[in-house]
Amino acid sequence: MSGIGIIAIYSATYWKGPDLWDKQFISVLLTIPVVIIFRYIDYKILVRFAPYIYLVSLLFLGATLVLASPVKGARRWLYIGGFNFQPSELIKLALILVLADLIEAKKGEWSELFLFITCLGLTLIPFLITAMQPDLGTAVILMVIFMVTIFVSQIRIRYIIFLIGLGITSIPLAWKYLLMDYQKERILTFLDPNRDPLGAGYHIIQSKLAIGSGGLLGYGFLNGPQNRLKFIPEQHTDFIFSLIGEEFGFIGSLLVIILFLFLFTVGLYISSRSDTKAGLLMGVGIISMLCVHVFINIGMTIGLLPVTGIPLPFISYGRSGLMVNMMGIGILSSISKRRVR
Amino acid sequence: MKTRVFIVYIFILCLSIILTVKLYQIQIIDGPHYRELAEGNRIRILPVSAPRGEILDRKGKVLAKNRASFAVYVIPFEGNREESLKILSGIIGIPYAEIKGKLDKASNSLQPVNILPDASIEIVGKIKELEDKLPGVLVVTDVIRDYPYKNIASHILGYIGEVSSEEMKIFQEDGVRMGDTIGKAGIERGYQVALMGVRGGEQVEVDAMGRPIKVLGTVPPIPGSTLVTTIDLDLQRIATESLKRRGLPGAIVAIDPQNGDILAMVSSPDYDPNSFAKGISAKEWERLLSPERPLLNRAISAVYPPGSTFKVAVALAALAEDIVNEDSVFYCPGSMVIGNRRFKCWTSHGRIDFLDAIADSCDVSFYTMGIKVGAEKIARYARLLGLGDLTGVDIPGETRGLIPEPSWKKEPWYIGDTANMSIGQGYVQVTPIQMAVLASTVANGGKVYKPRVVSEIVNQDGTKTSQPAVLVRDLSKFKKEIAIIKKGMKMVVDTGTGTSARVNGISVAGKTGTAENFPTKSNPQGKDHAWFIAYAPTDNPKIALSIVVEQGGHGGSTSAPIAAEIISYYLTGKSIIKGGEWKGD
């Protein structure tokens, strides 16, 4: 999977200079040990430390609001010890851990409603912080993680339905008070990309053009004209799927989707066979996290969903995301290893 | 719990299917459409301007063409301007202040400013040598319009310049765009559409910033058509020199009486059309805008009272209306009382017959004839001959002039007005080209041709559009009357007031005119304009002429010799220089 990522980034950045693709290559090499390390760490230890991991992540996340300098109008990056990283990537994993821990520990002990509200609270804190950064994509992912976890943990579904109902009714309020102008613009242009073809709608139009023009087989590696001519914005990060669609066509795109589906299948299979509740919840949480990334990202590039800054896991350029995703794979691997037969 | 995981899995499967279906739709079903769009997205058509058509004289000599040049540009706001601009000033010989002025005018753009459109190889060499000290100075290869014969025929050819917003309205439909260079005057203007050609395009692959990456293909421009003119460059040059020797403003038009071809057209003072292409110095501008108006094509745009040359029209009216015949006799005591005013003749001719009245330009005879014919009829015949109306020459900027008649004048028309009109004074105003058409019409026995300067348009694909001679009016029914006038006009040169127009071995006919003027700003003493119209040879005319020299005094002494010089060169190939003698007006 990461191999595809490197090839695609190579193509995406070929015309910008050689350093980005080999950086990503090195990142992938560096994160493979992460998978191995997490594989050999008992996920139960992680679960035990979940509250602390969660708190630290939350602290980092809160720090972005204060310390980070805005990039393209949003504060998402922290610069610590020579590394830039995005705490919003880490918080997803931390939320998965803390929810798994809490539900395992307190299910049956607390009332369902109280457990639900506590979980909701734990989700809402980072949700609101990321929404303020603003990073709407991550906020949505956090909410999805929460909902899937609750759903799988067999807490009563009516709570979730109630929450969804609340969410829908609050859309007009959120529209008025919560969303920044550029976010509104993105949603509006998603509904009608030709509203502003050179501004906000540009990404969607260009991306669809690139993917569509790829046809069945694509233009071939390094030959995608839209990519080469830099018509696709963020072609090595958020819109890398456009490039894959353009250069490798329908076959290539389908291959990527099938690979992800394979990953999800294996991941859910592992989760469902976990002998602990925490293992199952963590596995499902990690898969749903990856899954939301994939669908939001691809959905955005083909015009199904509005533009959000959600990268394609393992494929898009970017180290924080890669690191967290690799950790997730490591944890899944650990879950599968530690199944007591 | 496992059931719920399974439900999640089903959900994920559904989403994957949705993605796949959408991808299938975009890539397979709509793929060709998007591919087409994408190609359009990254391909820009950059205009490639078409080379302007050349202008040739009747023998194929190139009067206007395009030439590769080096242009010196300066990018505003770059480097240490003052010092480098002073160095540049020293190299190109344009004062520092002038360069700075041009830059300041364009200071709100980052577009390079053209400082010297046509730099010599030496200048280019020096700039390259001192490149380090001249930041922001660019040398660019360019194409400029070149008029190899400079001032010769400048008013015929005209000049070019950047299109103005008013001109855009005229030429937009023809494909002219803002910033284009178009003809501003002369043929360059009149035949702008034929000369401009069709812009080509370069299909260029561009990136998202619009920067060209590579050229995919070119649609070559179609160069403008070549114009073959009726101008005889050598004759044009002789005529120009001849007029310039008089040292006074004036105009000459030489026409082939058989078809209306303009053989030469001179207006003095003139200008060098190259200077518009190369960049005009402040001094040259001042001269061009001076009261002498070098840009004015006097041959078609200036009006003068025709003086006695108008007697040709009056004579035709009198003959055609049977007021007089060839044998009519007049008595000239040197003046004549008309109304309550005494009208003079330039001398007392005594007893004088019709032909001598023309030859010796007797005013009293023509007062008598004119009053008998009446102003309306004089006007009618003058207009038949093409006076007081546009000749339709294919050079823009022609003026109509004026042939007055009683109904035109707001105050009462006095008999004195008719008398003045009979000798081409008063309100009568004509252009030199109208008088040339008149001379040509008399010469060919009554055919009024539309004068033309372009005879053929040669398109780039080799096809030719020839512009046939246009007969505006046929006055052949006055053949007999015209024959009598021709006799008189021959006598003008043989024995009369125009003997200075005599050319050895050629029989020349003509008519002198001395147009009196009221003092004006440009002519404070009210000096006379010297007219002469002529044609030769008398039996089979090949050239008809009209000449006017502003404030030149007597037509017989100032303008008639010019006619002789032109006719001699055109018909015998001999260039002569002739002095003038006054034999009466």
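**Hairpin in chain B.** I began with β11(B) and β12(B), which form a hairpin with six residues between them. In the turn I found B:G260 with a positive phi of about 85°. This is a predicted model, so I treat that angle as a computed value.

I then looked up how the two strands pair. β11(B), residues 250-255, runs antiparallel to β12(B), and six bridges join them. Which residue of β12(B) is the bridge partner of B:I252? I found B:V266 there.

Next I checked the cover on β12(B), residues 262-268. Seven of its seven residues are buried, so the strand is largely enclosed by the rest of the structure.

**Confidence.** I noted a mean pLDDT of 88 for chain B, with 92% of its residues at 70 or more. For the model I wrote down ipTM 0.81 and pTM 0.61.

**Chain B as a whole.** I listed 21 helices and 23 strands in chain B. Of its 585 residues, 47% are buried. I also looked at contacts with a separation of 6 or more: in chain B, 72% of them link residues 24 or more positions apart.

I followed up on B:A313. Setting aside neighbours within four places in sequence, I found B:A313 in contact with B:I378, B:Y381, B:A382, B:L385, B:L387 and B:L438.

**Chain A.** Here I listed 14 helices and two strands. Of the 341 residues in chain A, 52% count as buried. Among its contacts with a separation of 6 or more, 69% are between residues 24 or more positions apart.

**One helix of chain A.** My last stop was α7(A), residues 157-169. From first C-alpha to last, this helix of 13 residues reaches 18 Å, close to the 18 Å expected at 1.5 Å a residue. How many of the 13 residues of α7(A) are buried? The count is zero, and I noted the helix as hardly covered.

Key:
Residues are numbered from 1 along each chain as its sequence is written. Chains are lettered from A and ligands numbered from 1 in the order in which they are written. This is a predicted model: local features need pLDDT of at least 70, side-chain atom pairs count only at pLDDT 80 or more; totals for chains, interfaces and linings use all residues. pLDDT is the predictor's confidence in each residue, from 0 to 100. Two residues are in contact if their C-beta atoms, placed from the backbone, lie within 7 Å. Helices (H or I, at least four residues) and strands (E, at least two) are DSSP runs, numbered from the N terminus. A residue is buried if 20 or more other C-beta atoms lie within 10 Å of its own, exposed if 12 or fewer, and partly exposed in between; C-beta atoms are placed from the backbone. The expected span of a helix is 1.5 Å times one less than its number of residues. Two strands pair if DSSP finds at least two bridges between them.
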